[in-house]
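Please look over the sequence and the model shown here before reading the report that accompanies them.

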Amino acid sequence: MVDSVFVMPGTVAAPRTGILRDLHSRYETVREALTRIDKAARELGLPDISTRLIEDVAGERPYSPEVQYLEIFAVSLSTYHLLVAEGVEPVAIVGQSIGELWALAAAGHVSVGDAARLAVARSRALTRQAWPGTMLAVGVDGRRAESLAGLIGHPHLVLACENTPRQSVLSGPRRQIDEAERVAEALGWPSVRLDVPHPTHTPAVAQAARDLLATAPRVSYGGGRWRVSSPWLGRDIGDEDPVELVAGALTAQVRMLHTVRALHAAGADTFIECGEWPVVTRFVEASVPGIQSVVPLSEHDPVAAVRALVAGRTETVSPQVRMPASPPVLAAPPPVASAPPVPPRPAPTVVVPPPVATAPAPAFPPAPAVPAAPTAPAAPPVPSVLASPTPQAPVTPASPATVGPAPSTSDADGQYAVVLTEIRALYGDYLGYPPELLGDDDGLESDLGVESLKQVALLGRVADRYGLPDLRANTSLLTVGTLGRIAQAVVQARGEATAR
C-alpha cells in the first residue's frame, strides 16, 4: 500500500445538500461520528448538523459561522471513516488552519464532541472580537508576499499562509489589504480577495485568542492512532493542550508548502483530501510536481474510487472534478526539489505584539513572470481553503450537474451561438489565444492551462458583460471549466431573468 497522507481542509464553502447520504447509509462509523457532532451542536444551541448533509432538505439552510465549521468537520470526518473502513491507513494527517482540529479528532487525540465544542468556541471568540480585517490571495511565493506586506508597513498586515511556490495569502486590515491589492496589480501579480467569516493568522486577532483561552472548555488530549503534522508548528503535534493549540494557530503563519515537502521527503507519495473539493491537494500538486492526489468525494462513486486506490488501480479512476472550489494555484510552479523537514518550533503560545513603529520598507524583489492581474471589477468570492460565504450571503457550491443543458429551441440555439462567440473572443483576448483555438469543450485548466485565479477573474468579466451578478456565485462553472458550459449558463440565466 502507498504511503498516504490525509489532508483536512480549513474554511471552505458549505457542503452540498446530501453529500454524505451514501456514506451515512454504508458505514456505522460515519453514523456514529455524525451523531456525536449533532449532540454537541444541540448542546450549544445549534441545529442538527447532519440533516442537510444526508437528506434533500427543502428551504434555506440555517446559517451561522458555527454551522459552517461543523458541516466542514462532518464532511472531513466522514471521509476519514470511509478511507479507514476501506483499508486506507495514513502515515500522517495534516489540517489546514481550523482543519488541524479535524485532524486531531480523526487521529483520536481529541474526542469528536470536544473538537466540535472547541470549533464553536473558536468561532464565537472571533465573532466577539469582530475584527474588521480581510485576506488576500496573491500569486507569488511567500518571500515576495512578505515583502509586499513589509512595503506597506502595518504591524497587523502579515503573510498569513504560504500555500505553494506561487500562492500566498496576506491577512490584515481592509485599508492595508486594499493597498496591497493595488500594489500587486501594478506589479502584475494576480490576486483575489478571500471572503471568509473570520480572517485569521494575524496578530490582530490576539484578543480573540486570549478570549478563547479564558472561556473555552478544557479538552483532554489522548493518545491517538495516527500522527498529526502541524503546518503552523512546523512539526508533529505532541502532547500540547488542544485549546492552546487552537488559540495559538489564530495568530500564527500557516506553512503548508513546507509541511507538504517535508512529508514528501520522508516518503509520502499520495495525498488524500478529506473534503468535498480538491483544495488542499491542489496545494500539494503545486508544491511537489508529479505527486499523486485523490479526492474521493469529487468522484462519481467515492467508494469505488477508494477501493481502486487500495487495489492499486488509481490510474483507472478519472476525477470528475478537476478544478478546486478555491484558487489554490495561480501559476504553474517550476520543478522543485523536496525541502528538508521543517525544524521544530517551541510549544504554542499566544503572543500579543506591542505596537511598533513602522519599519523602513524593504527593497522590493522583482516580480515573477506571471500574467497580469485582471483590471476588471474585483473578482468574486470563491470557496477555498480560506474562502467561504459570508454570514450575510452564504453560497452553497452547486454540483456540476446543476449547469443546465444547452437550450433546445432554435431561438435559444441562436442565442447560445452568439454568446459562445462573444465569450470565446473575451477569453481569447484576455489569455492571448486566437479565439478559433478555444474549443467549446476544452477544459480551461486541463487543456488550456488557465489557472484558478484567472478563471475567477474571467467569470467575473462574463458576469459584468451580461449583467448577471449571480453568475459569480456559480462555482460549478469553475469546477467544470469549459466555454460551452459557461455560455449555456449565460443563456439560461438570461432566459430566467426575462421570464421574471
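Residues are numbered from 1 along each chain as its sequence is written, and side-chain values use heavy atoms, with hydrogens and water left out.

**Confidence**

The average pLDDT of the protein, where pLDDT is the predictor's confidence in each residue on a scale from 0 to 100, is 79, and 76% of the residues score at least 70. Over residues 313–409 the pLDDT is below 50, and this stretch has 271 contacts in the model beyond near neighbours in sequence, a contact being heavy atoms within 4.5 Å. Where pLDDT is low, the predicted coordinates should not be read in detail.

**The sheet of six strands**

Helices (H or I, at least four residues) and strands (E, at least two) are DSSP runs, numbered from the N terminus, and two strands pair if DSSP finds at least two bridges between them. In the order S8-S7-S2-S1-S9-S10, 6 strands make up an open sheet with mixed pairing. Its edges are strand S8 (235–236) and strand S10 (292–294), each of which pairs on one side only. Within this sheet, strand S1 (residues 4–8) pairs with strand S2 (residues 90–95) in the parallel sense over 5 bridges, and Val-7 has Val-94 as its bridge partner in S2. Helix H5 packs on the sheet and touches S1, S2 and strand S7 (228–230), its direction making about 150 degrees with that of S2; such angles run from 0 to 180 degrees between N-to-C directions, and axes are lines fitted to C-alpha atoms, for helices over the stretch in contact.

**The sheet of four strands**

A further open sheet has 4 strands in the order S4-S5-S3-S6, with antiparallel pairing. Strand S4 (158–164) and strand S6 (191–194) are the edge strands, each pairing on one side only, and the twist from one strand to the next averages 25 degrees. Strand S3 (residues 133–138) and strand S5 (residues 167–173) run antiparallel and are joined by 6 bridges, with Ser-171 in S5 as the bridge partner of Met-135. Helix H8 (residues 174–187) packs on this sheet, where it touches S3, S5 and S6, and its direction makes about 145 degrees with that of S5. Helix H12 (residues 280–287) also packs on the sheet, touching S4 and S5, with a direction at about 75 degrees to that of S4.

**Packing of helices**

Two packed helices are described by the angle between their axes and the distance between the axes.

| Helices | Angle between axes | Distance between axes |
|---|---|---|
| H5 (residues 99–107) and H6 (residues 112–129) | roughly 170 degrees | within 9 Å |
| H9 (residues 206–215) and H10 (residues 242–250) | about 170 degrees | 8 Å |
| H6 and H9 | roughly 135 degrees | within 8 Å |

The angle makes H5 roughly antiparallel to H6, where angles under 35 degrees count as roughly parallel, over 145 as roughly antiparallel, 65 to 115 as roughly perpendicular and the rest as oblique. The contact is made by Leu-101, Trp-102 and Ala-105 of H5 together with Ala-115, Leu-118 and Ala-119 of H6. These residues divide into 6 nonpolar, no polar and no charged; Ala, Val, Leu, Ile, Met, Phe, Trp, Tyr, Cys and Pro count as nonpolar, Asp, Glu, Lys and Arg as charged, and the others, Gly among them, as polar.

H9 and H10 are likewise roughly antiparallel to each other. On the H9 side their contact involves Ala-208, Ala-209, Leu-212 and Leu-213, and on the H10 side Val-243, Glu-244, Val-246, Ala-247 and Leu-250, which by class gives 8 nonpolar, no polar and 1 charged residues.

H6 and H9, by their angle, are oblique to each other. Among the residues of H6 that meet H9 are Leu-118, Arg-122 and Gln-129, and their counterparts in H9 include Gln-207, Asp-211 and Thr-215. The contact of H6 with H9 has 7 nonpolar, 3 polar and 3 charged residues.

Definitions and conventions
Predicted model: local features only at pLDDT ≥ 70, side-chain atom pairs only at ≥ 80, totals over all residues.
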